[in-house]
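Have a look at the fold first, then read on.

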Amino acid sequence: MENLAEFLRASIRLTTPLLLAALGGAFMQVAGVPNIGMEGMMLIAALVGYIVSFTTGSWLMGLLFGVLAAVFVGLIYAFFVLRLKADIFAIGITLNIFMGGVAAYIIRQYYDQISMLHSPNAKLLPTVSLPFLAENKILNVLFNNYTILVPVSFLLVLVTFVVFYKTPFGFWLRAAGSNPLAVSASGKSITGIRFAAFIISAALCGLAGVHLSLGYLGMFALSLVAGRGFVALAIVLFGSGNPVTVLIASLIFGIADAASLRIPTEIIPPQFPLMLPYIITILAITLMSRFARSFTSTEQK
Amino acid sequence: MKATNKIRRTIFQQGLSFISTIALALLLGFVMLWLNGSAPKDVLAAAGSSTFASPFRFANMISRMLTIVLVSLAAAIPFKAGVWNIGGDGQLAMGGFFSAMVGVYVTSLPPVLHIGLAVLAGMAGGALWAAIPAYVRLKFKANEIVTTIMMNYLAALVTGYLVNYPFRAPGSANAETSLVQESAILSQMVPLSNLSTGLYIVIATFILICFLDWKTSWGYEWRVLGSNDEFARYGGVKDNRMRFLSMLIGGALAGLAGTILVLGSYHKFILNLGGGIGFTGVLIAIIAANSPILILIVSAIFAILSNSTVGLEARLGIATEFSSILQSVIILLVITRSNIWAGITKLVKRR
């Protein structure tokens, strides 16, 4: 029982970065502009958040500047796509590679490290502990003492749902994706709505990145994001950006992630369990794509 | 006559804006380094010395260029047909591994046959790795950007397992295969360098791809598919078959890049064989997919860039990773070059 609780706890911890990024992806997806640059946004936020945290000694500053870094990437992305009308896929992929280069350059040039960055001065994200949960052993393991972005990420599912379906902004956001012509006809600016989607999306990806370095791992590594930006893209695609589907899919991937780290390596070589999340992503996107809204690189809105 | 003149002029203008945008980006790179405290004069000297100072350095640059050309074509052929192939890295690794298997474990063959067999195996390995995302894309509409990236991570793990356990060189401290047989080695062309007779294989492949692109119906159908798939289908192009084929060819080309690294440079399969070079190929395909010649030009520039940063690091202490930043900046500027030049013209006219 306790083992199961521990496992579920690990799953929830690993769900959070995917969930945050995928919610971010959802904001752009519903507005008709798929976010291909999540990997890069997460990576740069993770790096900047970590560096700011150990230079200022404040996790809050780390969080803030990590998110700002991702938003900055989002601004570049939006500028190229919305203003210069460049291909959203090409720019997204370029930005991912760009940010990989920037991160590698920064840790090499300024910290003389090759693939990782670790400092004892880094202030990690605080954990939320609720005393009344501590009394029950199982509940304590399951629900208590998470780093702050874990509960926040689940709360943001609710917020996203309300924004999408209960606010005028959400209405225009979804309209920009499903019927852009009608939006322009009614006098609203498609570019303005989509610009907001880019910024919100980047901020959420920034939270995801900061959670990985300052919350989950406690250090920065170039392989930290390890394709999670694209796993998040898969999650967004087969839920068509619906926050509830995003939550369910993120949980499934979080469980797969946790399982891949828990399979004892004495029985099978460590490479096999690590393949699990990637295989599941391919399988999931294959099976679900039949039902999801068609989405190919050639039919761009 | 008038029409062809006009076309010629457009092609000339396009080429000019392409090249001058790259020059602009390089200039920007100089300015960035200047602001960072390195005088342009020193930068040029350091960069030049690492590529042009001695024959083996130049040969190393050419060797790198061969890999870049192949991975760029690997992304560009599917890109032409409207499919993204971001999986060059994984395809390169699988191709390299397959060719190493043939190189190590097939014995007593004459060199020509042995090399031929290893090259075929390498291309098959790459094509196989591309076939999976291609199949799920065409059969189930599974987004290939996601699946090809996932296949990269899978290839790294699969080859990681294979060279750590079943095919690890006996007694080796590293995760790598044994050396390939003497008969499978592509011999060195310039002493001390990585450049091997794989050069001829790449030249032949490049000519073949140009031929396919310009002179056969395949090339035409890819272009039609990439630009307007509705029209292509009405015109009788078997769209799914052609797209699948383009991915297979892309995978085979990336596999060939891995093969040449194994048979020509390392003489064994090592982990992280390509070192992320597949992404460089994607970048180049994004701006140069329309033309194999452009791919050749940009590959040469990128190869010189990444070679030069070795000199920059040794002499001026600028991390080699700077080249990947500069490459991305080049791509972003080239994608939007028409906006940039329009903006500059406007500014000039206002004055």
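This is a predicted model, so let's start with a helix in chain B. Helix 14 of chain B (residues 337-350) has 14 residues and runs 20 Å from its first C-alpha to its last, close to the 20 Å expected at 1.5 Å a residue. Helix 14 of chain B is also hardly covered, with a count of 0 buried residues among its 14.

Over to chain A, which has 13 helices and 4 strands. Its radius of gyration is 19 Å, close to the 19 Å from the globule rule for 301 residues, so chain A is as compact as a globular protein of that length. Some overall numbers for chain A:

| Property of chain A | Value |
|---|---|
| C-alpha trace along the principal axes | about 60 × 45 × 40 Å |
| Buried, of the 301 residues | 50% |
| Contacts between residues 24 or more positions apart, of those with a separation of 6 or more | 74% |

Now for one helix pair in chain A. Helix 1 (residues 2-30) of chain A packs with helix 10 (residues 190-217) of chain A at an angle of about 170 degrees, and their axes are 7 Å apart. Angles over 145 degrees count as roughly antiparallel, and the two helices of chain A are therefore roughly antiparallel to each other.

Which residues meet there? On the helix 1 side of chain A they include A:Arg13, A:Leu20, A:Gly24 and A:Phe27, and on the helix 10 side of chain A they include A:Phe198, A:Ser201, A:Cys205 and A:His211. The residues of this contact divide into 16 nonpolar, 5 polar and 1 charged.

Definitions and conventions
Residues numbered from 1 in each chain as written. Chains lettered and ligands numbered in written order. Predicted model: local features only at pLDDT ≥ 70, side-chain atom pairs only at ≥ 80, totals over all residues. Axes fitted to C-alpha atoms, helices over the stretch in contact; angles between N-to-C directions. Parallel < 35°, antiparallel > 145°, perpendicular 65-115°, else oblique. Contact = placed C-beta atoms within 7 Å. Nonpolar A, V, L, I, M, F, W, Y, C, P; charged D, E, K, R; others polar. Expected span 1.5 Å × (residues − 1). Buried ≥ 20, exposed ≤ 12 C-beta atoms within 10 Å, placed from the backbone. Rg over C-alpha atoms; globule rule 2.2 N^0.38 Å.
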